[in-house]
Amino acid sequence: MAGVNKTIVSEFILMSFSSLSTEMQLLLFMTFMIIYIITLTGNSLIVLVTLTDPMLHSPMYFFLRNLSFLEIGFNFVIVPKMLGTLIAQDTSISFLGCAIQMYFFFFFGVDECALLATMAYDRYVAICNPLHYPVIMDQITCVKLAAVSWFPGFPVGIVQTMWLFSFPFCGSNKVNHFFCDSPPVLRLVCADTALFEIYAIIGTILFVMIPCTLILCSYIRIAAAILKIPSAKGKRKAFSTCSSHLLVVSLFYVSLSLTYFRPKSNNSPESKKLLSLSYTVVTPMLNPIIYSLRNNEVKNALSRTFHKALSLRNCLPQTFF
């Protein structure tokens, strides 16, 4: 303790985009608010149509519904507080609030990696073993795979968050980010964090890189199976069933890699904030758009749902009168 100014931290200050002018922050608020509304609407529609439309009661859309639930949660953890820092200048977050936000960030982030790997396995079975697909991917198996995908976030979030927030914090309580991410909070710790950082690397390998490897292996097998299809039409049809998932996976892992796996010399706090926006704000908005625009079944289901809603609305006045 000698020579170290240790203080009891009761709250943190999220620096967010405070370096920007008030006009620029207002523009960012309006932009992120629109993106947030699109994200909630798009993912909610995916959940609705995959639940209500019988044509979408298949394993692929069951996992897509889980992904949409996850994206809604992931967005809800980050965006509302960020919007508050931009419009109301409410940059403070309690010690407990910061820990809770970090826990759910880890929870949803790890679970998304696992769920994307599960969805890749589903596409692998559908394309490489189509005759046995209904047997292999039956309802019970799908529920088990979904449960396994949702589970890893619990222990990872609890261990990493509790361990980090058990450290003493010294001096500044300013978190140079728009949410309580692990690296900027870790910089405020005044203790030896070497063991924690080793655990973080191991956790990244286990819960981020292993799912990524499984996805890569699945798509290598899928590509080999597609190349064996004799007709060009058959190849296009097979590829179209997994192209949306492949694009979503690419967006997620590319943005994640650029944020966390770049050399520290090239990773300034401001550039990391911009890169973090890609997987916390932009990707959750794009996922339902990608699955809607590139998938005729989803587009047709959305159209049927829309027409049903219009028909119901037209019937309401007759009911009341």
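Select Asn287, which lies in helix 10 (residues 269-293). Helices (H or I, at least four residues) and strands (E, at least two) are DSSP runs, numbered from the N terminus. This is a predicted model: local features need pLDDT of at least 70, side-chain atom pairs count only at pLDDT 80 or more, and totals for chains, interfaces and linings use all residues. Residues are numbered from 1 along each chain as its sequence is written, and side-chain values use heavy atoms, with hydrogens and water left out.

Is Asn287 buried or exposed? Asn287 has a relative accessible area of 2%, so the residue is buried. Buried means under 20% relative accessible area, exposed over 50%, and partly exposed in between (1.4 Å probe, protein chains only). Now show the surroundings of Asn287. Setting aside neighbours within four places in sequence, Asn287 is in contact (heavy atoms within 4.5 Å) with Leu67, Glu71, Glu112 and Val248.

**Next stop: the disulfides**

How many disulfides does the structure hold? There are two. A disulfide here is a pair of cysteine sulfur atoms within 2.5 Å.

Select Cys98 and Cys180. Their sulfur atoms sit 2.0 Å apart and form a disulfide. Cys98 is in helix 3 (residues 95-128), while Cys180 is in the loop between strand 3 (174-175) and helix 7 (182-186), so the pair ties together parts that are 82 residues apart in sequence. Look along the S-S bond of Cys98 and Cys180: the torsion is about -120°, so this disulfide is left-handed. Cys98 counts as buried, at 0% relative accessibility. Cys180 is also buried, at 0%.

Move to Cys170 and Cys190. This disulfide has its sulfur atoms 1.5 Å apart. Cys170 is in the loop between helix 6 (153-164) and strand 3, and Cys190 is in the loop between helix 7 and helix 8 (194-227). The pair links distant parts of the chain, 20 residues apart. The torsion about the S-S bond of Cys170 and Cys190 is about 60°, so the disulfide is right-handed. Cys170 counts as buried at 14% relative accessibility.

Keep both pairs on screen. With the bonded cysteines of the protein chain numbered in sequence order, the pairing is 1-3, 2-4.

Select Cys113. Cys113 is buried, at 1% relative accessibility.

Finish at Cys217. Its closest cysteine sulfur is in Cys212, 9.7 Å away and too far for a bond. At 42% relative accessibility, Cys217 counts as partly exposed.
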